[in-house]
Amino acid sequence: MTPHGTTAGPGTAQGSGLLPDLTQHEIQALRTRFNLADAHTHQRQSAAQRGIVERLPELWYEAENGLQATYEQRFTEAFFRLHRQPTALAKNKTLLSYAASISTMVAGMYLKKQRMDVTLIEPCFDNLYDVLRNMDVPLYPIDEAVLHDPDSLYERLRRQVRTDALFLVDPNNPTGFSLLKHGRKGFEEVVRFCKDHDKLLLIDFCFAAFTLFDPEVARFDVYELLENSGVRYLAIEDTGKTWPVQDAKCALITASDDIRKEVYNLHTSVLLNVSPFVLNMLTQYVEDSRRDELGSVRQVLDENRDVARKALDGSILRYEEPAVKVSVAWFRIDHPELRASELQRLLAIEGVYVLPGRYFFWSQPGKGEAYVRLALAREPRLFAEAMVRTREVLDRHA
Ligand SMILES: *Cc1c(COP(=O)(O)O)cnc(C)c1O
């Protein structure tokens with residue numbers, strides 16, 4: 001096996017003029033009128049959220065006067081209560097950082113120090129691949145499709161995973177696939193495989209908020225499963241893609257007891273604490289979402305998803321139905337010649353910035369040329385205008 005990640009990435013094909021990563025696309029998109037690139041939250045505040053903004057000075061002074069540990073505890077409790085993770089709450093060993101990428105870097109440092117190689121899901125958000133590659137962690141792909149059927153996944157993992165660790169994203173970004181699609185069994189089988197074969201299991205749960213209050217994919221107490229199984233694990237959670245708070249965010253990383261001390265030592269080599277003000281503010285957003293069952297978060301996404309589907313219905317873009325309605329929409333290009341990179345360029349000329357799929361297929365970028373990703377956490381009026389423009393461009397090139 002030759003690891004991926006030691007050579008060129010999806011955007012580095014020689015002489016192609018492609019940008020090296022999705023983040024550089026997203027930076028371009030921030031200068032574009034209709035930015036549908038990054039999955040960050042650009043929608044406006046709901047009425048209740050405006051109430052939180054009005055109280056910001058109060059939250060500032062409260063945090064200034066209190067103890068750091070108080071705001072960490074309150075935030076962590078609110079977060080895991082919203083996510084219905086009583087075991088994570090009771091274990092009380094979760095570490096907080098400023099961004100999911102920081103938590104991923106800590107995980108990467110652990111992998112590097114232990115000289116572990118990793119099987120990483122494909123497609124996935126390229127940031128994970130890039131962070132691990134830049135830390136020289138040897139990476140091998142596993143097709144997300146291997147996870148689709150809980151009855152066969154144990155056997156398929158057994159045949160395909162040769163590395164020390166398995167790194168999954170659930171729900172996945174960009175596809176919205178989740179092991180929860182068929183209840184508990186998918187996660188149970190993954191955990192059983194990792195336990196039986198002594199694999200470190202890493203799971204990026206940054207999109208997990210979108211599985212809450214959804215009758216079709218109800219999130220169960222996954223930390224209970226992880227803890228009771230005795231599997232070695234690292235689990236990353238996040239607030240960044242859920243609430244519209246201008247990128248003030250907090251990520252959480254939890255380790256199984258057997259590696260917790262080493263992970264803690266790596267974590268403290270990176271940071272002391274997340275801003276108590278940010279924690280105090282985020283706690284208000286989390287509590288608000290517990291009250292409205294994520295209503296304000298979901299409503300914008302549902303509205304924009306519907307608008308996108310209607311506006312693009314009958315065009316060359318085919319909506320890919322996700323297992324979980326996450327904050328991005330994944331479309332397949334149904335056209336004999338038009339590739340995602342070219343479509344992205346044509347749309348950008350018209351002021352609509354979408355992400356070409358090649359970067360998500362980090363080991364086989366060519367496969368991603370059949371897909372584009374649209375971010376949904378946007379102001380609905382702006383999003384609707386973007387969809388009208390997009391349809392015009394698509395019809396021109398149909
Ligand atoms: C955005 C994202 C991250 C990284 O979050 P940052 O806040 O940019 O560090 C990690 N995992 C997933 C699934 C994401 O969507």
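Start with A100: one of its backbone N or O atoms is 3.4 Å from an oxygen atom of the ligand. I call that a polar contact, meaning a pair of N or O atoms within 3.5 Å. Two side chains also take part. In N173, a side-chain N or O atom is 3.0 Å from a ligand oxygen, and in K241 the figure is 2.7 Å. On its own, the ligand exposes 380 Å², and the protein buries 95% of that; areas are from the Shrake-Rupley method with a 1.4 Å probe.

A word on the model. It is predicted, with local features needing pLDDT of at least 70 and side-chain atom pairs pLDDT 80 or more, while totals for chains, interfaces and linings use all residues. Residues are numbered from 1 along each chain as its sequence is written, and side-chain values use heavy atoms, leaving out hydrogens and water.

Back to the ligand. The residues around it, with a heavy atom within 4 Å, include A99, S101, F125, N127, D204 and K249. By class, this shell has 6 nonpolar, 3 polar and 3 charged residues; Ala, Val, Leu, Ile, Met, Phe, Trp, Tyr, Cys and Pro count as nonpolar, Asp, Glu, Lys and Arg as charged, and the others, Gly among them, as polar.

Next, the backbone. Most residues other than glycine have a negative phi, and most peptide bonds are trans. Where are the cis bonds I want to show? One joins D170 and P171, with omega about -5 degrees. Another joins N173 and P174, with omega about 25 degrees. P171 is in the loop between β5 (165–169) and α9 (185–196), and P174 lies in the loop between β5 and α9 as well. Helices (H or I, at least four residues) and strands (E, at least two) are DSSP runs, numbered from the N terminus. F213, not a glycine, has a positive phi of about 55 degrees and lies in the loop between β6 (200–204) and α10 (222–229).

Last, the record. An unreviewed UniProt entry annotates residues 107–374 as "domain: Aminotransferase class I/classII large"; such annotations may be inferred rather than shown by experiment. That span is 38% helix and 18% strand, with its end C-alpha atoms 28 Å apart.

Key: A polar contact is a pair of N or O atoms within 3.5 Å; within protein, one must be able to donate a hydrogen and the other to accept it, and residues adjacent in sequence count only if both atoms are side-chain atoms.
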